[in-house]
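Please read them beside the sequence and the model.

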Amino acid sequence: MTQESFFDAVGGHDTFVRLVDAFYDGVADDPVLRPMYPEEDLGPAKERLTLFLEQYWGGPNTYSAQRGHPRLRMRHMPFKVNPDARDRWLAHMRTAVDSLGLAPIHESQLWDYLERAAFSMINTFED
């Protein structure tokens, strides 16, 4: 008997696409976060985050197949991730998570990870 992955339990690919789309709806107009995405179109960033989250939560390993090890801190090092950027990221992600209507246990697990990840990305305390 195999245990259902978090990815499958919350609805799989479609749920993560909805999460990431809602998150980037907020980022698109954020004066602090938007400049961290050099591409004019946020589509490539959306795809990378979707693939990463899907893989992390037990879905397909497409992220690693395409991009290698996630190396999150290294990939974010070129950007000034200070507490303000973290808080803005978390605010947009909170809105996105809330939009999913997940079961409380799944919402709590997802939010716990996202919050820890956001705190770990801080690489400066300068404004």
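1. The protein has 127 residues, for which a compact globule would have a radius of gyration near 14 Å, and the 15 Å found here agrees with that; the radius is taken over C-alpha atoms, and the globule rule is 2.2 Å times the number of residues to the power 0.38. Along the principal axes, the C-alpha atoms fill a box of roughly 50 × 30 × 25 Å.

2. This is a predicted model, in which local features need pLDDT of at least 70 and side-chain atom pairs count only at pLDDT 80 or more, while totals for chains, interfaces and linings use all residues. Residues are numbered from 1 along each chain as its sequence is written, and side-chain values use heavy atoms, with hydrogens and water left out.

3. The protein has seven helices and zero strands, where helices (H or I, at least four residues) and strands (E, at least two) are DSSP runs numbered from the N terminus.

4. Of the 127 residues, 42% count as buried, a term that means under 20% relative accessible area with a 1.4 Å probe, counting protein chains only. Among contacts (heavy atoms within 4.5 Å) with a separation of 6 or more, 66% come from residues 24 or more positions apart.

5. His 106 is found in helix 7, which covers residues 104-120, and His 106 is buried, with a relative accessible area of 18%. Leaving aside residues up to four places away in sequence, His 106 touches Phe 6, Ala 9 and Val 10.

Methods. Buried means under 20% relative accessible area, exposed over 50%, partly exposed in between (1.4 Å probe, protein chains only).
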